[in-house]
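Hi everyone, thanks for coming. I'd like to talk about salt bridges today, so let me put the structure up.

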Amino acid sequence: MAANPRLEINVGKIAGNTAQVVQRAGANGVNIVGVTKVCCGAPEVARAVKQGGAAMLGDSRLENIARMKEAGIPGPYMLIRIPMQSAAAETVRLADYCLLSDVVTGRILGAEARRQGKTMHVVIMVDVGDLREGFWPNQIPGAVTELAAVEGLAIAGLGVNLTCYGAISPDENNLGLLISLAEEIRKNNKLELPIVSGGNSSSLGMLWEGKLPGGISQLRIGEGIMLGCETLERAPLPGLHTDVFTAVAEIVEVREKPSLPIGRIAQDVFGNVPVFEDRGIHQRAILALGRQDVIFDGLQPLDAGVEILGGSSDHLLVEISGRKAAVGEELRFRPDYGAVLTLNTSPYVQKVYFS
Ligand SMILES: *Cc1c(COP(=O)(O)O)cnc(C)c1O
């Protein structure tokens, strides 16, 4: 297969980022679940995350967990997407822990765990305002009582997810609510609840500033260790590498062309009516990279004089100013989270792991 397009992944930097986050978290009594979903559970990446000291590996897809286990990467593994009832058998077979927000699904997992002679450890999710997964806080005591009665299940803790759907920031109020619910359950239900899972990379700013409330014992971190930033403002975290991923694509045409298309403008291939800026005649290049490979709004050109104009399923158009460009030349881009996710997911993009 051709070498381009490709995604270069510096796994040494992923291990280094993980080690930094693990160390900061450890100083605050917090364990790290290293989340591998943005790399589709690539074993090379998972190995780096383990090497960096993550206590557990987390992924949203059972296929990715299977891929890591087949490669011999030691767990424990957490399924971080609340499980499908139809995938209960695979969930119990592949995951040691899962997040949970439904009592019936919990009973199905328990039955499956008994059938397989295992215990399924669950972290019960509380919705503290982001409006994605989770029981409403006042439903938690009832749900815990019902789930505690299910043989085959072990309630390992409570958790929240923030800054995903509602873009709600973690703070002392919503994390405080999680911590006080955990304390109430420990007292009333005689459960240990070792895990109080305080969210994802949006909590890293609080961790770095020493403001993460005591009582949080776990964070589930993907973007922070992969892209080196927190996710409220996408601010780089001091000491972390923000240049783990580089996208490379190859030029297949270079030509002087007008910047305004000629003729009547209708819908483009995706049903949008495009708007163009007249820059006169300019040097344009076509790269063999398209929407089947990447969300290209998330690409930052690394080469001087390159600006992204737009593209279609298989072509990315760029303006190259102030220098000559040639067919066959490679251009490099720094991808954001959405671009990394799509580049990793596209089967057309070669992944090159190095350190
Ligand atoms: C994706 C995800 C994470 C990790 O989020 P990052 O922002 O990448 O750190 C944690 N928990 C859940 C439930 C997720 O879906």
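Let's start with a question: is E146 buried, exposed or partly exposed? E146 is partly exposed, because its relative accessible area is 38%, and the buried class stops under 20% while the exposed one begins over 50%. Before I go on, please keep in mind that we're looking at a predicted model.

So what does E146 do here? Its side chain meets that of R107 in a salt bridge, at 2.8 Å from N to O. This pair links distant parts of the chain: R107 sits in helix 5, residues 103-116, while E146 belongs to helix 6, residues 140-148, and the two are 39 residues apart. R107 is partly exposed as well, with a relative accessible area of 40%.

Now over to another pair, R279 and E319. They form a salt bridge, with 3.2 Å between the closest N and O atoms. Here, too, distant parts of the chain are linked: R279 lies in the loop between strand 10 (245-258) and strand 11 (281-287), E319 is in strand 14 (residues 316-320), and 40 residues separate them. R279 counts as partly exposed, at 30% relative accessibility, whereas E319 is buried, at 10%.

K257 is partly exposed, with a relative accessible area of 29%.

How many salt bridges does the structure hold? There are 15. That's it from me, thanks!

Key:
Residues numbered from 1 in each chain as written. Predicted model: local features only at pLDDT ≥ 70, side-chain atom pairs only at ≥ 80, totals over all residues. Heavy atoms only, no water. Salt bridge = Lys/Arg side-chain N within 4 Å of Asp/Glu carboxyl O. Helix = DSSP H or I, 4+ residues; strand = E, 2+ residues; numbered from the N terminus. Buried < 20%, exposed > 50% of the residue type's maximum accessible area, 1.4 Å probe, protein only.
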